[in-house]
Amino acid sequence: MWFDFSSLSGKDEVITVGVFSDSYWEVQNGYSYQILEDAIALFEEEHPGVKVRYVSGILKDDYPEWLSEQLILGRAPDVFLLFGENFSDLAEIGALKNLSGLIEADRDFSVEAFYPSALAYGKYDEKQYALPYECAPKLMFVNKTILDAEGIAIPEKDWTWDDFYEICEAVTKDLDGNGTPDQFGAVGYTWSEAFDANGVQLFDEQGSECYLTGDGVREAILFMERLEGLHDGYQVTGRDFDQGRVAFQPMLFSEYRAYKPYPLSIKKYSGFDWGCISMPAGASGDNRSQLDTLMLAMNENTSHVHSSWEFMKLLSADERIQEEIFDYSEGVSVLKKVTESDKALKLLIDSSGENSGFDLQTLSDAVDQAVVVPRFRDYEEAISEVDKAVTDIMAGNANISTQQIIWNRQINTFLKSKEEKR
């Protein structure tokens, strides 16, 4: 419901904000409105005569449909949170205000303050249609207890596929002697992580062409086949990691933040010590992974452009508000200075219960060097087609290079059909 407007003066300018009531990172969070309310109080104090009101009670799962409905009805808020999977569609149909001109004209706004990858998340067709609000990189979570028991050191930040495979091979064992492995190297490391680590660019910027035939793709598929071959046919699951039976699992850093603190760490991951490190680098790539970013966008039809822009800047680019990401959310600030600060490090160490060992530089590097995927309409459907292709190639016995060509042709046909329908 909208807040009550009856107490407002007729002279007040009112801007509205679209948000949801639970955590973007899908964990329990009792502070879903705290940052927003603090920002509103600060904004109204610094901007007399302007009031900010927001919608409350909308769950994250219902939010995209609610926002689409409001846009269709012409009742969308002036400013609203935006998910990555909805961004390109709304940008293409003209629902989002192009912010490029506002950014260029604003001397108080510095694009250099942001992590480039987080800012790039809100670009479409070389124009900035959204600002980043908070983010979380994908990192490799490691069961330190297993590695310690096997006498294996925690990998360095520049570790590679070879290091990854060697450790996975060493820890994969049949501990109870029943003939089946019950300790494993990795779970959840998919072709997507392998492609990112090996420098694979799947599509062009417009989403009109797929590049599945590259050597980097073949290298990644061959590595995935080797890695999965260690399991001897056993389907390793996330539950195996939760029970302390797997050495590595890729996860968003938000999960580390959500479950590392006691007692949630006891509930989620009992009986072993765990932490996070960078992702391994592929044979032709680097220690990189993708970034999940929650964004802020402006309604193309807002009649309050200036005030809406000022409020967006406060949420996204003001250190006072961005610092609260570490207090009241599980994400990471999109501002370099905030994320790399001593305050952030202390808060993360205090909340995790660790006195040492947390490497803030690993976190910052993961955000700074994150893979930026092309933002085009129907991207999620295109990725689903690639998933079918890779699954089929890995399941079959045919020549990989030949299958790459066949599937690349099919995916390009799919992309062309989508382009013709736009």
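Analyst: Asp106 sits in the loop between α4 (100-105) and α5 (116-120), with helices (H or I, at least four residues) and strands (E, at least two) taken as DSSP runs numbered from the N terminus. This is a predicted model, where local features need pLDDT of at least 70, side-chain atom pairs count only at pLDDT 80 or more, and totals for chains, interfaces and linings use all residues. Residues are numbered from 1 along each chain as its sequence is written, and side-chain values use heavy atoms, leaving out hydrogens and water.

User: Is Asp106 buried or exposed?

Analyst: Asp106 counts as buried because its relative accessibility is 11%; buried means under 20% relative accessible area, exposed over 50%, partly exposed in between (1.4 Å probe, protein chains only).

User: What does Asp106 touch, not counting residues up to four places away in sequence?

Analyst: Trp309, Glu310 and Lys313, where contact means heavy atoms within 4.5 Å.

User: Switching to Asp286, where is that?

Analyst: Asp286 is in the loop between β9 (274-277) and β10 (291-298). Asp286 is partly exposed, because its relative accessibility is 38%. Setting aside neighbours within four places in sequence, Asp286 contacts Ala197, Pro280 and Ala281.

User: And how far is Asp286 from Val371 in space?

Analyst: 10 Å, C-alpha to C-alpha, though 85 residues separate Asp286 and Val371 in sequence.

User: How many residues of helix α18 are buried?

Analyst: Seven of the nine in α18 (residues 360-368), so that helix is mostly covered. Among the buried ones are Leu360, Leu363 and Val367.
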